[in-house]
Amino acid sequence: AVLAVNMGARSADLVLDMTSIAPKLSCANGASSCSVSDVWRNKTLGKAGAGGSFKVSGLASHDSEFLIFA
C-alpha cells in the first residue's frame, strides 16, 4: 500500500518508482505488471510495471491517493 501525497501548490503528476516502494513485487523490475487499486474510491486504476513505475496523474494540490499494488 502507498499513500501518494501532493504537498505542492498546484495539481501535479507523481511518478512512483516501484523498485523503491515495492521491490519484491514482480512489477518492480518491469518483468510483469501489478494491478493498482484506489482504496478510497474502491476503483481499479490499471496496471503498474512498464518501466518499473506507476504514474498518478493530476493529483490536486494538498490531495492524496491511497493505492494498493498486487
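Buried means under 20% relative accessible area, against over 50% for exposed and in between for partly exposed, with a 1.4 Å probe and protein chains only. Strands here are DSSP runs of type E with at least two residues, numbered from the N terminus. In a regular strand the side chains alternate between the two faces of the sheet.

This is a predicted model, in which local features need pLDDT of at least 70, side-chain atom pairs count only at pLDDT 80 or more, and totals for chains, interfaces and linings use all residues. Residues are numbered from 1 along each chain as its sequence is written, and side-chain values use heavy atoms, leaving out hydrogens and water.

Now the pairing. Two strands pair if DSSP finds at least two bridges between them.

| Strands | Sense | Bridges |
|---|---|---|
| Strand 3 and strand 4 (residues 43–48) | antiparallel | five bridges |
| Strand 1 (residues 2–5) and strand 6 | antiparallel | four bridges |

Strands 3 and 4 form a hairpin. Four residues lie between them, and N42 in the turn has a positive phi of about 50°.

S37 has a bridge partner in strand 4, T44. S37 also has one in strand 6, I68. V36 is bridged to F69 of strand 6.

Strand 6 spans residues 64–69. Its covered face holds E65, L67 and F69. S64, F66 and I68 make up the uncovered face. Opposite S64 stands V5.
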